[in-house]
Amino acid sequence: MTRYVFVTGGVVSSLGKGIAAASLGAILEARGLRVAMVKLDPYINVDPGTMSPFQHGEVFVTDDGTEADLDLGHYERFVRTTTGRHSNFTTGRIYERVIAKERRGDYLGATVQVIPHITDEIKRSIKLGAGDADVCMVEIGGTVGDIESLPFLEAIRQMGVELGRSSVIYMHLTLVPTVGASEIKTKPTQHSVKELRGIGIQPDILLCRSKDPLPEEQRRKIALFTNVAERAVISAVDLDDIYKIPQALHAQQLDEIVMEHLGLQPRTTDLAEWDAVVHAKANPDCTVEIAMVGKYVQNRDSYISINEALMHGGIKTHTRVNVHYIESTELEEHGTGRLKGMDAILVPGGFGERGIEGKIAAVRYAREHGVPYLGICLGMQLAIVEYGRNVLGFADATSTEFSATTKHPVIAMITEWQDAKQGAQQRSESSDMGGTMRLGAQAINLDTGSLAQRVYGAATIRERHRHRYEFNNNFLDAYREAGLRFSGFSPDGLVEIIEVPTHPWFVATQFHPEFTSNPRDGHRLFTGFIAAARAAHQAAGQGGSQT
């Protein structure tokens, strides 16, 4: 029987519920348990797929093609689980399903209400996400007291009654601020727990987010006023490395408390992999400077999976990776001066025309100056546009996303250059914005002897996608004759990877490799990219100085 750990938050948002849930999941997994991860989001959007990166951060794509909350990325980086369509539910998705059932007559004419119909759908969704796991971590987005979160909180309260308290544990994350130099305030936590208890949920564990470890006096006070055992008042201090959090929580016996409450048999905890990650990250022997030229750099969460994947590449190569975030419009206005001295350049994905010429300028700089380059999704498409303009002489080369009248549509929707019968309909997405969106993991065949094949060490790989536009295969021969190598294709002939063979390290992919990177294994493409940056750093005469 699956046990459930419900993670809620109070006082303020963005305290790190996702990291806390993922870290506890990692410790439980290190004790030999099968762990599932589920995120419940209170916003009305059906999914995050059409939400602005400035507001919501990145859209994480699962293996099965679900566009999901970025916390699922944390889950997959911390826990060896594969999330999917049953791992993330929004208020919009829940109401959509209930309304569809009502329209079909599934409720036999009953008045459809929040209780029991909405809460029943939430409970059904949670159980779908749990599958056959030993423990399912369920994170409820937002904070206690938000009107949007109430149906989710009511649903998890009901599950505690229906399954029995030995099968359910409630973990509440709060803020314990320090006022002035050293005055620790517990009142916000007390009020947050009071709010939670007011809707019928007594937390079993408190994770108290604070600048410094909580003194015993404050822990006792919090325990007294919240009716939580003192040993279950856990100090969640700010750390310089999120991958230290599993160790920090284990040191306070959080996993032991959870195991005891849920009646799970104690097993030895093996955090050796996490120890190795933390040690490697803390002991680099070289520093590299990476320029990330993007369109949403004001919100670092827009590129959180790429940031983490670069760090993972650094961990695997014992390299400290300093990422310089450069707004692409800045290169349009002021030129490429900021790219000088960079050891490597990365151009990530994105949608829309703004900042495109700045990204193209970054691609050209990397190609002409021999700077290691990694392009992802739009970063590949613009590398093709740049090559077309400056090598093949196609002055108006672009994507039909940006110009419908170009004579050289080197990037276009598949329906614009390929017969629909060859698979365009198979690429449709359920949402109105979908059209020909390609989502989720698909097989890719690598060209024998290519840099991509050497990096991956395989002939066929699987990677996740999120895009609408493809390379126009009508231009394949022209690009090949001009020296560009197409080193990866989908089984139905779509371009997945390009390389410049005369360049030290120039690789661009239509897919998103960052979604499958994790700190324990890294990702071969990012590891190869950081290794190339190290080589460029050393070749520039900086010698890989100790850091």
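Predicted model: local features only at pLDDT ≥ 70, side-chain atom pairs only at ≥ 80, totals over all residues.
Let's start with two helices. Two packed helices are described by the angle between their axes and the distance between the axes. Helix α1, residues 17-30, packs with helix α10, residues 254-262, at an angle of about 70°, and their axes are 10 Å apart. Angles of 65 to 115 degrees count as roughly perpendicular, so α1 is roughly perpendicular to α10. If you look at the contact itself, α1 brings Leu24, Ile27 and Leu28, while α10 brings Leu254, Asp255, Val258 and Met259. Of these contact residues, six are nonpolar, none is polar and one is charged.

Now move along to the sheet. Three strands make up an open, mixed sheet in the order β16-β17-β20. At its edges are β16 (398-399) and β20 (469-471), each of which pairs on one side only. Strand β17, residues 409-413, runs antiparallel to β20, and three bridges join the pair. One of the places to look is Met413, whose bridge partner in β20 is Tyr469. Helix α15, residues 378-390, packs on this sheet and touches β16, β17 and β20, with its direction at about 150° to that of β17.

Tyr469 turns up again at our last stop, in the lining of the largest cavity. How many cavities of 30 Å³ or more are there? The count is one, and the largest cavity holds about 50 Å³ of space. Along with Tyr469, the lining includes Gly350, Phe351, Cys377, Leu378, Gln381, Glu401, His467 and Arg468. By type, the lining residues divide into four nonpolar, three polar and two charged.

How values were computed. Residues numbered from 1 in each chain as written. Heavy atoms only, no water. Axes fitted to C-alpha atoms, helices over the stretch in contact; angles between N-to-C directions. Helix = DSSP H or I, 4+ residues; strand = E, 2+ residues; numbered from the N terminus. Parallel < 35°, antiparallel > 145°, perpendicular 65-115°, else oblique. Contact = heavy atoms within 4.5 Å. Nonpolar A, V, L, I, M, F, W, Y, C, P; charged D, E, K, R; others polar. 1 Å grid on protein atoms, 1.4 Å probe; cavity = no way out; pocket = protein on both sides within 12 Å on 5 of 7 lines; lining within 4 Å. Points joined across faces, edges and corners; volume = space filled by probe spheres on them. Pairing = 2+ DSSP bridges.
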